[in-house]
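Hello,

Here is the structure I promised to hand over.

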Amino acid sequence: MEDVKKLVYLHGALCEGLRLFPPVPIERKQSLKRDTLPSGHCVNPNTIILLFTYAMGRFEEIWGKDCLEFKPERWISEKGETIHVPSYKFISFNAGPRTCLGKDLSFIQMKMVASTILRNYRIQVVENHPTTPAHSIVLLMKHGLKVIITKRQF
């Protein structure tokens with residue numbers, strides 16, 4: 001567990017991947033009764049709110065001018081520690097009282113799997129393969145992701 005916590009750059013890369021390619025690109029919320037949003041706006045009963053998490057991850061006003069770049073460094077402080085980003089900004093695990101209880105465990109599992117794969121294999125994306133998202137409730141690649149996998153020699 002302690003070794004997994006030290007994988008700060010991997011944590012940043014995972015967050016950056018989730019920011020740009022959230023598993024659920026559109027979230028639908030509906031109020032059951034009159035409620036107040038974190039912004040202070042009031043919503044009436046049965047109001048449907050759509051959150052376009054795919055677009056939010058690419059929104060310059062939220063992430064800055066380099067919002068379209070894959071930069072794991074944006075999640076790392078100058079001291080080399082993980083930066084906490086508010087759940088209303090990074091909404092891949094939902095936000096506020098609805099934040100996923102398994103978020104921390106998910107990161108541990110993702111880090112363990114990713115570090116094991118990267119340690120044992122070299123993965124190279126096939127050049128000129130189209131990487132277009134498919135229209136779906138969950139984010140999928142229209143043509144999959146073609147890669148060449150070779151076992152690392154130690």
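A word on terms to begin with: a residue is buried when its relative accessible area is under 20%, exposed when that area is over 50%, and partly exposed in between (1.4 Å probe, protein chains only). This is a predicted model, in which local features need pLDDT of at least 70 and side-chain atom pairs count only at pLDDT 80 or more, while totals for chains, interfaces and linings use all residues. Residues are numbered from 1 along each chain as its sequence is written, and side-chain values use heavy atoms, with hydrogens and water left out.

Let me start with the aromatic residues. Trp75 has a relative accessible area of 2%, so Trp75 is buried. Trp63 is buried as well, with a relative accessible area of 9%. Rings of Phe, Tyr and Trp (its six-membered ring) pair if their centres lie within 6.5 Å; planes under 30 degrees apart count as stacked, over 60 as edge-to-face and the rest as tilted. By this rule there are three aromatic pairs. In one of them, the ring centres of Trp63 and Trp75 are 5.6 Å apart and the planes meet at 45°, so the pair is tilted. This pair links distant parts of the chain, as Trp63 is in helix H4 (residues 60-63) and Trp75 is in the loop between H4 and H5, twelve residues apart. Helices (H or I, at least four residues) and strands (E, at least two) are DSSP runs, numbered from the N terminus.

Trp75 also pairs with Phe90, edge-to-face, at 4.8 Å centre to centre and 65° between the planes. Trp75 and Phe90 both lie in the loop between H4 and H5, so their pair ties together parts that are 15 residues apart in sequence. Val85 touches each of Trp63, Trp75 and Phe90 (contact means heavy atoms within 4.5 Å), leaving aside residues up to four places away in sequence.

Next, the core. A nonpolar core is a set of buried Ala, Val, Leu, Ile, Met, Phe, Trp, Tyr and Cys residues joined through side-chain atoms within 4.5 Å. The largest one has twelve residues, including Leu10, Cys15, Trp63, Trp75, Val85, Phe90 and Phe107. Helix H2 (8-20) and helix H5 (103-120) are the elements that give two or more residues to this core. H2 gives the most, with four residues.

Which residues of H5 are buried? They are Phe107, Lys111, Ala114 and Asn120. These buried residues pack against helix H1 (2-5), H2, strand S5 (121-125) and strand S6 (147-151).

On cysteines, a disulfide is a pair of cysteine sulfur atoms within 2.5 Å, and the count by this rule comes to zero. Cys15 is in no disulfide, and the nearest cysteine sulfur, that of Cys100, is 13 Å away. Cys15 counts as buried because its relative accessibility is 3%, whereas Cys100 is partly exposed, with a relative accessible area of 36%.

Is Ser31 buried or exposed? At 11% relative accessibility, Ser31 counts as buried. Leaving aside residues up to four places away in sequence, Ser31 touches Val43, Asn44, Pro45, Asn46 and Thr47.

Best wishes
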